[in-house]
Structure formats: C-alpha cells, structure tokens
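Open the model in your viewer and keep the sequence panel beside it. The stops below say what to select next and what is there.

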Amino acid sequence: MARRYPLLLLMSLGVALSPIYLFESGGLQFAHYAMAVFILLCSVTYRFSPLSRSDLFFLLYVAYVWLRELAALVSGAPLVTMMVPLHLTFVFFLYFYSRRHLYSQSDLVAVGHAISVACSVAFLGVILTGFSLQSGAAPVRAMGTFNNPNQLGYFAVCSGTIVCFLYNLKALRPVQFFLVLMISIFLSLTSLSKASMVSMGFLLLAQSGYLLFSHASREARLVKLLSCLLFVVAVSSIALMFELWRVFMVVDGLPFVDRLVNFASENDSSFTVRGYGIIASASLVELVFGMSSYSAALRHGGHEVHSTLMSQLTYYGLCGSGFLLYFFWRWFRTVLVSHGWLAMCLVCGPVMLFGVTHNGIRFLLFWILISISMSKAAGGSK
C-alpha cells in the first residue's frame, strides 16, 4: 500500500500544476510531464486485471482514432496530425490509472487539496496579470496563467465541479469548499467566457438542488444555509440571461453581464462558426467512418470543430464516435447509480454543456473529473 503514496503525490502534483501554461496551446505543459511520470510508474507497477466495459470502449475509441488518423497520414495529411491519437493515448492511461489509484476517502481528500492549490494558482495568475469588471468598447478578458480566456473559463467549470462533488463526498471541509467555489466563480466571470458562465450557473443550480434534497438531517442547518446562498447566486446568473438585470441598475454595463445578455446576437455564438455545418459536406462513407481531424480543419478554414461531441462525430463518424458516446453513457450511468440523478446532473452536466461550443476532449481536468467520479473511492465501478 505504501508504494501508492508517491503515485498519489504525483497525480496531485499534476492537478495542482494544471493551470500553469508556459508553452503554446497543444503542446506539453508542466502538468502533462508530472502526469506522464505518474503513468510511467503506474505502468511499471501495474498488476493486470480485466478491463471494465467502460475501459474497453474507451480503448476501442482510441484505437479507432489511431486507424483513422493513420489513414489520413497515408493520404497526405501532415505528420503533426498524429498528435491527436498520441494525446488520446495519454488521456486513456491517465484516466485508467488515476481511477484505479483513488481507493479511499483520504485519496479524495488529497485530490481536494490539489484542486484547491490549482484554483489558488489560477486566482493569483488572474490578479497579477489583470482583469476588468468595467464596461468598455473592448472589455479585457482575463486569462491568468493560461494561453487564452476560454481555457481559464473551462478550468473554472471543471474545478468548480470537482470541488462540489468532493464536498458532497465529504472530502472537503465546508470553508474550503466555499472559498474554492467562490474562486471558481470569480475565474469564470473574469474570463468572460459565455459557455463558462452558463455552465457555472447550471453547476450552482445543480449543487443547490443536491444540497437541498440529498443530505442527512443532522447537517440540515449548514446545508440549508449554503443551499440558499448557492440558489440565490444560481437564480441571479440565470436572470442575467433574460435581461432581468436591468431592474438592478448597479450591474448595468458590467462586461460579464453584457456577454450573457448579448449571447444570442454575437457572431461567435453561432453553431456555424463553431463548425457544426462541416458534417453536412460529408459523404456517406465519411459520415460512417469520419473525415479525420485534418480534413475537417481544411473545410473549416484551418480551425477545429469547437464541440466536444460534434468534433468527434465529424472526425471519426458514427463508428468512432459511437465508442466514445458509449463510454460517456457508462460514465453518466455510473454516477447515476452511485449517487442519484441530481449528482449526475452536477458532475456531468456543466462540462458537457460547456462542450456544446468548445472542444473539451484535450483538457486534463476533464478526465480527472471523470476518473474521480468513476473511482472506487467515489463509489464508482472497479
């Protein structure tokens, strides 16, 4: 058992370093190096056990991506295209080993401390690099230690979700939970990411519902206090989207308010800009087997499809994306069976909602969230 602790420390270090981006997007960051050492040591010490059905379908998905991208490489795609299957291989082993090394409550507590450190680092990064809560022709979107504001916004959603889930599992103290969640909300608002703010509003609403209906009576006072606070914040966030904020002129002109109110009218909110229309140009063969990430980028002006699910359907067709969709379904079902439908909405809803307009497949904390929620320590499958 003692040999698990260095591995848990490495995994926690990777989580703590996740907001530090010193190299360009798409490249390896410090967190990836820490997780790579974690994966390597796990591979050396791993004792074989049968793959679960979730693991098997995830592995089939990764294998299919390798085949499709290799076919594209043979057809003339650049060598850099192979970074996609390489990264997914890394992600698979990260998920596979981290899920198996979260055995007990103390393991979840360690991850909770790591995510608290990560949020503190991200918060300091925003404070030191600057942010704006004043209106202007071109409001400043904070990005802190990340490479762009959307990464900061997605970090806020993932970290906020992890914190809420760990608190519900009693792996975080109330004060720690409250402070880290407030930091996540702050990061989301300063990023001015519409997807992040909407997802955070959903998270707060789901957490409020969970606290109200899923806790024992002995915690009723604290739970109801936190629930009322979170519910007010959640309802206020939703109200902003329907322009009810105009009743309260004190928030008039705030950048994050303007971003939410103008959500539907801004050009970058359209599904066409996000690349959803690319699949309409696919042949029957491409619809079934996919067109590869390189071919899709060529048809979208050199850009990727900005969607977690639609990107995979476009790149790898019904065959490849079917494996991933089944894996996600197993994830939803695991959380549902172990913790109930409110927990499933809380854990799975915010990140998937963010993924409607952004591709979250590559984000490290997304897979850490899945690993935690499917781990033995969290009551998930073995």
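Predicted model: local features only at pLDDT ≥ 70, side-chain atom pairs only at ≥ 80, totals over all residues.

Which helix gives the largest share of the lining of the second largest cavity? Helix α16 does, with three residues. Residues are numbered from 1 along each chain as its sequence is written, and side-chain values use heavy atoms, with hydrogens and water left out.

**Whole chain**

Show the protein chain as a cartoon: there are 16 helices and zero strands. Helices (H or I, at least four residues) and strands (E, at least two) are DSSP runs, numbered from the N terminus. Of the 382 residues, 52% count as buried, where buried means under 20% relative accessible area, exposed over 50%, and partly exposed in between (1.4 Å probe, protein chains only). Among contacts between residues at least 6 apart in sequence, 74% join residues at least 24 apart; a contact means heavy atoms within 4.5 Å.

Select residues 364–373, which make up helix α16.

The structure holds two cavities of 30 Å³ or more. On a 1 Å grid over the protein atoms alone, a cavity is a set of points where a 1.4 Å probe fits but cannot get out, and lining residues have an atom within 4 Å of a point. Grid points are joined across faces, edges and corners, and a volume is the space filled by probe spheres set on the points.

Select Met11, Ser98, Leu102, Val111, Ile368, Ser371 and Ile372 to see the lining of the second largest cavity. This cavity has a volume of about 30 Å³. Its lining divides into five nonpolar, two polar and no charged residues. In this scheme Ala, Val, Leu, Ile, Met, Phe, Trp, Tyr, Cys and Pro count as nonpolar, Asp, Glu, Lys and Arg as charged, and the others, Gly among them, as polar.

Next select Ser18, Tyr21, Gln29, Ala31, His32, Phe363, Leu364 and Leu365, which line the largest cavity. About 60 Å³ of space lies there. Helices α2 and α16 each supply at least two residues of this lining, which has five nonpolar, three polar and no charged residues.

**The largest pocket**

Now move to the largest pocket, with a volume of about 1,400 Å³. A pocket is an open set of grid points with protein on both sides within 12 Å along at least five of seven lines. Select Ser25, Gly26, Glu304, Asn359 and Arg362: of the 42 lining residues, these are the closest to the pocket centre. Elements that give two or more residues to the lining are α2 (30–45), α4, α6 (149–168), α13 (292–299) and α14. The largest share, six residues, comes from α4. By class, the lining has 21 nonpolar, 18 polar and three charged residues.

Rings of Phe, Tyr and Trp (its six-membered ring) pair if their centres lie within 6.5 Å; planes under 30 degrees apart count as stacked, over 60 as edge-to-face and the rest as tilted. By this rule there are 29 aromatic pairs.

Select Phe58 and Phe92, an edge-to-face pair at 5.4 Å centre to centre, with 85 degrees between the planes. Phe58 lies in helix α3 (residues 53–74) and Phe92 in helix α4 (residues 83–100), so the pair ties together parts 34 residues apart in sequence. Phe58 is buried at 0% relative accessibility, and Phe92 at 5%.

Then select Tyr95 and Phe327, also edge-to-face, at 5.3 Å centre to centre and 90 degrees between the planes. Tyr95 is in α4 and Phe327 in α14 (residues 308–339), so this pair joins parts 232 residues apart in sequence. Tyr95 is buried at 0%, and Phe327 is buried at 0%.

Still at this stop, select Arg100 and Phe96. The charged end of Arg100 sits over the ring of Phe96, 3.8 Å from its centre; this requires NZ of Lys or CZ of Arg within 6 Å of the ring centre and within 35 degrees of the ring normal.

**Two loop residues**

Finish with Lys170, in the loop between α6 and α7 (174–191). Lys170 has a positive phi of about 65 degrees although it is not a glycine. Leu192, in the loop between α7 and α8 (194–213), has a positive phi of about 55 degrees. Leu192 is buried, at 1% relative accessibility.
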